[in-house]
Amino acid sequence: MLNDKVYLKKAIQLSRESREIGNHPFASLLVSPDGEVLLKAQNSVSTENDRIGHAEINLVRQAARKYSREELLASTLYSSAEPCAMCSGAIYWGNIGRVVYALSETGLLSLTGNSIENPTLSLPCRDVFSSGQRSVEVVGPMLEDKASQVHQGFWR
């Protein structure tokens with residue numbers, strides 16, 4: 001059984017690194033059932049001038065090219081924050097089987113306010129996944145205090 005908190009801490013650290021290089025503070029990891037970190041991705045909205053360059057989108061693009069549907073269904077995506085509706089769609093279509101996230105969408109909204117850099121949708125990833133034809137296991141939020149620290153002072 002994977003230790004979710006260990007991988008979430010790695011995702012949170014990677015989100016800190018994303019912020020340090022000028023991007024929004026988000027990151028994600030793809031982990032195999034045996035605990036191997038298969039892929040890492042950061043947000044690239046600012047450095048690549050890509051409004052849809054969310055960490056999960058960047059990760060799923062890589063994963064879909066590299067791994068089989070079966071491997072992805074058995075893997076876990078760890079995210080420093082709850083996947084937005086766009087990212088949740090990509091995770092679903094990319095055949096990721098499990099998602100674990102740190103900071104909730106409502107927690108993120110309390111930090112971003114009405115920032116034009118993050119026009120948060122009030123649509124939890126669980127709702128997006130539950131409307132599909134296959135299940136995606138979701139765990140979270142976890143370690144919200146630790147994940148929110150990376151966002152302090154960024155959005156205002």
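Modeller: Let's start with a pair of helices: the crossing of α2 and α4 is left-handed. Keep in mind that this is a predicted model.

Colleague: How do you know whether α2 is roughly parallel or roughly antiparallel to α4?

Modeller: Look at the angle. The axes of α2 and α4 come within 9 Å and cross at roughly 15°. Angles under 35 degrees count as roughly parallel, so α2 is roughly parallel to α4.

Colleague: Which residues make the contact?

Modeller: From α2 come Glu-56, Ile-57 and Val-60, while α4 brings Met-86, Cys-87, Ala-90 and Ile-91.

Colleague: What classes do the residues of the contact of α2 with α4 divide into?

Modeller: There are 6 nonpolar residues, no polar ones and 1 charged. Glu counts as charged, so Glu-56 is the charged residue of this contact.

Colleague: Now the largest pocket. What lines it?

Modeller: Its lining has 22 residues, and His-54, Cys-84, Met-86, Asn-118 and Pro-119 lie nearest its centre. The space in the pocket is about 380 Å³. By class, the lining has 12 nonpolar, 5 polar and 5 charged residues.

Colleague: Which helices each supply at least two residues of that lining?

Modeller: They are α2 (55-66), α4 (85-93) and α5 (105-112). The largest share, 3 residues, comes from α4.

Colleague: What makes Asn-49 stand out?

Modeller: Asn-49 is not a glycine, yet its phi is positive, about 50°. Most residues other than glycine have a negative phi. You will find Asn-49 in the loop between β2 (37-42) and α2.

Colleague: And is the peptide bond from Gly-140 to Pro-141 cis or trans?

Modeller: The bond from Gly-140 to Pro-141 is cis, with omega near 5°. Most peptide bonds are trans. As for its place, Pro-141 lies in the loop between β5 (137-139) and α7 (144-149).

Technical notes. Residues are numbered from 1 along each chain as its sequence is written. This is a predicted model: local features need pLDDT of at least 70, side-chain atom pairs count only at pLDDT 80 or more; totals for chains, interfaces and linings use all residues. Side-chain values use heavy atoms; hydrogens and water are left out. On a 1 Å grid over the protein atoms alone, a cavity is a set of points where a 1.4 Å probe fits but cannot get out, and a pocket is an open set with protein on both sides within 12 Å along at least five of seven lines; lining residues have an atom within 4 Å of a point. Grid points are joined across faces, edges and corners, and a volume is the space filled by probe spheres set on the points. Helices (H or I, at least four residues) and strands (E, at least two) are DSSP runs, numbered from the N terminus. Axes are lines fitted to C-alpha atoms, for helices over the stretch in contact, and angles run from 0 to 180 degrees between N-to-C directions. Angles under 35 degrees count as roughly parallel, over 145 as roughly antiparallel, 65 to 115 as roughly perpendicular and the rest as oblique. A crossing is left-handed if the near helix is turned anticlockwise from the far one by less than a right angle, and right-handed if clockwise. Contact means heavy atoms within 4.5 Å.
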